[in-house]
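Please examine the sequence and the three-dimensional structure shown below. The explanation that comes after them is meant to be read alongside both.

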Amino acid sequence: MIEVTLLGTGSPIPDPDRAGPSTLVRAGGQMFLIDCGRGVLQRLAAVGAGAHQLSALLLTHLHSDHIADLGDVLITRWVSTFAPDAPPLPIIGPPGTAEVVDATLKAFGFDIGYRIAHHADLTGPPPVEVHEYTEGPVWEHDDVRIRVAPTDHRPVTPTIAFRIEHGGASVVAAGDTVPCPSLDALAAGAGALVHTVIRKDLIDLLAQQRIRDICDYHSSVQEAAATAARAGVGILILTHYVPAIAAGTEEQWRALAAAEFDRQIELGDDLHRVQVHPGMCVKPTG
Ligand SMILES: [Zn+2]
Ligand SMILES: [Zn+2]
């Protein structure tokens, strides 16, 4: 079984009730954080977990809302890891990830220096191990396998989606993308697809062109649901709601998805949790 927890269901727009984009995937005793938007470690604490327990950090792309708390993850993991021989934190993301991680560690250079000076058992900066990929297998440890494929969030490029498999169960995290064949292929037959969504019908009504611009590189609820249907996934899990789901309109969002996808649809607030069991897919339709 794989467990998916929507740690943060927000977007770049600050919301009092939604943390920034981040999804926790637990499989076979391993724990993966997919993206690290604002407030992610507070939400992780709410499920009784901490940065020091992460098996790896997976980044779909380098948009600010998805990496806003990267510094917090790196520093907090470093200072809350007490095992002297703890391995570096694996960080898997698209090309550009190493530069962002380096720059983030530089930004916290004073803090890192203070802590090394203060604590005898902290002898070096936060240990990280960055791997950049656009497709193919990226992880294989103790019956958990992960592979990635490119997505289409242009002009943001490159961007990737992750497929995590364990014991016959599988979960795909699409990140921000418009529908594309490489995501369809990665998601084919998956137990669950976690997909970011935007209500184009609502955003198109807004006056500011800069806000309306975001429609062209995201999937609408219907488009995400159509991707799930084409790939034959068992469960569609919606997140990264733009705009935030207004009180009382959850069923409206669900109905838009249900028009394209007739299986299990999950959406909700931060900390919404979904269990994905083996054999939940249907045969892909195309
Ligand atoms: Zn994005
Ligand atoms: Zn985003």
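This is a predicted model: local features need pLDDT of at least 70, side-chain atom pairs count only at pLDDT 80 or more; totals for chains, interfaces and linings use all residues.

Residues are numbered from 1 along each chain as its sequence is written, and chains are lettered from A and ligands numbered from 1 in the order in which they are written.

We begin with the interior. In soluble globular proteins, nonpolar side chains tend to be buried together. A nonpolar core is here a set of buried Ala, Val, Leu, Ile, Met, Phe, Trp, Tyr and Cys residues joined through C-beta atoms within 7 Å. A residue is called buried if 20 or more other C-beta atoms lie within 10 Å of its own, exposed if 12 or fewer, and partly exposed in between, with C-beta atoms placed from the backbone. The largest nonpolar core contains 78 residues, and Val171, Val172, Leu193 and Leu236 have the most contacts inside it. Strand 12, residues 235-242, supplies the largest share of this core, with 6 residues. Helices (H or I, at least four residues) and strands (E, at least two) are DSSP runs, numbered from the N terminus.

Val172 illustrates how such contacts are made. Two residues are in contact if their C-beta atoms, placed from the backbone, lie within 7 Å. When neighbours within four places in sequence are left aside, the contacts of Val172 are Ala161, Phe162, Arg163, Leu186, Ala187, Ala190, Leu193 and Val194.

The next subject is the packing of helices. Two packed helices are described by the angle between their axes and the distance between the axes. Axes are lines fitted to C-alpha atoms, for helices over the stretch in contact, and angles run from 0 to 180 degrees between N-to-C directions. Angles under 35 degrees count as roughly parallel, over 145 as roughly antiparallel, 65 to 115 as roughly perpendicular and the rest as oblique.

Helix 9 (residues 221-231) packs against helix 10 (residues 250-258) at an angle of about 45°, and their axes are 8 Å apart. Helix 9 is therefore oblique to helix 10. Val221, Gln222 and Ala225 of helix 9 make the contact with Trp253, Leu256 and Ala257 of helix 10. By class, this contact of helix 9 with helix 10 has 5 nonpolar, 1 polar and no charged residues. In this classification, Ala, Val, Leu, Ile, Met, Phe, Trp, Tyr, Cys and Pro count as nonpolar, Asp, Glu, Lys and Arg as charged, and the others, Gly among them, as polar.

In a second pair, the axes of helix 3 (residues 70-79) and helix 4 (residues 97-107) come within 10 Å and cross at roughly 70°. Helix 3 is therefore roughly perpendicular to helix 4. Leu70, Gly71 and Leu74 in helix 3 meet Thr104, Leu105 and Ala107 in helix 4. The contact of helix 3 with helix 4 has, by class, 4 nonpolar, 2 polar and no charged residues.

Val130 belongs to strand 6, residues 128-132, and counts as partly exposed because 18 C-beta neighbours lie inside 10 Å. Val130 and Ala98 are 32 residues apart along the chain, and 5.9 Å separates their C-alpha atoms. Beyond its neighbours within four places in sequence, Val130 is in contact with Ile91, Thr97, Ala98 and Val101.

Ala244 lies in the loop between strand 12 and helix 10. With 16 other C-beta atoms within 10 Å, Ala244 is partly exposed.

Finally, we turn to the backbone. Most residues other than glycine have a negative phi, and most peptide bonds are trans. Which bond joins Val242 and Pro243? A cis peptide bond joins them, with omega about -10°, and Pro243 is found in the loop between strand 12 and helix 10. The peptide bond from Arg154 to Pro155 is cis, with omega near 15°.

Asp142, in the loop between strand 7 (136-141) and strand 8, has a positive phi near 45°. Asp142 is exposed, with 11 other C-beta atoms within 10 Å. His240 lies in strand 12 and has a positive phi of about 55°. His240 counts as buried because 28 C-beta neighbours lie inside 10 Å.
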